[in-house]
Amino acid sequence: MLDDGEFKSQDGRLVADWPAVLAELHAYWQRRCQGRAYPARADIDPVDIPALLEHVFLADVLHDPLDFRYRLVGGHIVEHAGRNVQGQTVRGLMSDGSAQEQALQQKALLAGQAVAETQAPVFIDLSYRSVTSDSRKRLHGLLLPLGPPDEGLNMVLGGLRFTE
């Protein structure tokens, strides 16, 4: 969660090692809000954030049942996922993949549900078993709602930073 510009865990502890790339993405998103709860997709221009793009994804919000289709997936994410999931849905990936991939996509679905319900930024901090090796990895993520005024959430702008 975000509190006075600082990233805090759900129990209120300050997250000391928040990646700068995600803080920059959040600051960009906040500037694009322009007094609204969240910006529209049209307010986001990748030309403005070239240094962040490898860490960014865009996902369409689908309904009945709630799901998310990856529209754009940055290179850092593809590298750590072991494949490009562009065009695929979270639920589709949960039913088609290794146990590690399914578990990670289940967590992605839960985080996406939190964004859809709160229509506010969601912070992710988790440790998991790599889908490309047997090592443990840490993932910091930020999911940010997007949608046209008066129409509601229709996309998620996300940033992910993986570490070993």
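**Charged pairs and the sheet around β3**

Author: The side chains of Asp-48 and Arg-32 come together in a salt bridge, with 2.1 Å from N to O, where a salt bridge is a side-chain nitrogen of Lys or Arg within 4 Å of a carboxyl oxygen of Asp or Glu. Asp-48 sits in the loop between α1 (20-33) and β3, and Arg-32 in helix α1, so this pair ties together parts that are 16 residues apart in sequence. Helices (H or I, at least four residues) and strands (E, at least two) are DSSP runs, numbered from the N terminus.

This is a predicted model, in which local features need pLDDT of at least 70 and side-chain atom pairs count only at pLDDT 80 or more, while totals for chains, interfaces and linings use all residues. Residues are numbered from 1 along each chain as its sequence is written, and side-chain values use heavy atoms, with hydrogens and water left out.

Asp-48 counts as partly exposed because its relative accessibility is 38%, and Arg-32, with a relative accessible area of 23%, is partly exposed as well; here buried means under 20% relative accessible area, exposed over 50%, and partly exposed in between, for a 1.4 Å probe and protein chains only.

β3 and strand β4 (residues 67-73) run antiparallel and are joined by six bridges, and two strands are said to pair if DSSP finds at least two bridges between them. In β4, Tyr-70 is the bridge partner of Ala-59, and Phe-68 is that of Val-61. The two strands form a hairpin with four residues between them, and in its turn Asp-64 has a positive phi of about 55 degrees.

β3 also pairs with strand β7 (residues 155-163), in the antiparallel sense and over five bridges, and there Met-155 is the bridge partner of Asp-60. The side chain of Asp-60 meets that of Arg-71 in a salt bridge of 2.8 Å, N to O, a pair that links distant parts of the chain, since Arg-71 is in strand β4 and Asp-60 in strand β3, 11 residues apart. Asp-60 counts as buried because its relative accessibility is 14%, whereas Arg-71, at 43%, counts as partly exposed.

Seen as a whole, the open sheet has five strands in the order β4-β3-β7-β6-β5, with antiparallel pairing. Its edge strands are β4 and β5, each of which pairs on one side only. From one strand to the next the twist averages 30 degrees, with axes being lines fitted to C-alpha atoms, for helices over the stretch in contact, and angles running from 0 to 180 degrees between N-to-C directions.

Helix α1 packs on this sheet and touches β3, β6 and β7, its direction making about 5 degrees with that of β6; contact means heavy atoms within 4.5 Å. Helix α4 (residues 99-118) packs on the sheet too, touching β4, β5, β6 and β7, and its direction makes about 170 degrees with that of β5.

By the rule given above, the count comes to four salt bridges. One of them joins the side chains of Asp-125 and Arg-138, at 2.8 Å from N to O, and links strand β5 (residues 122-129) with strand β6 (residues 136-146) across 13 residues.
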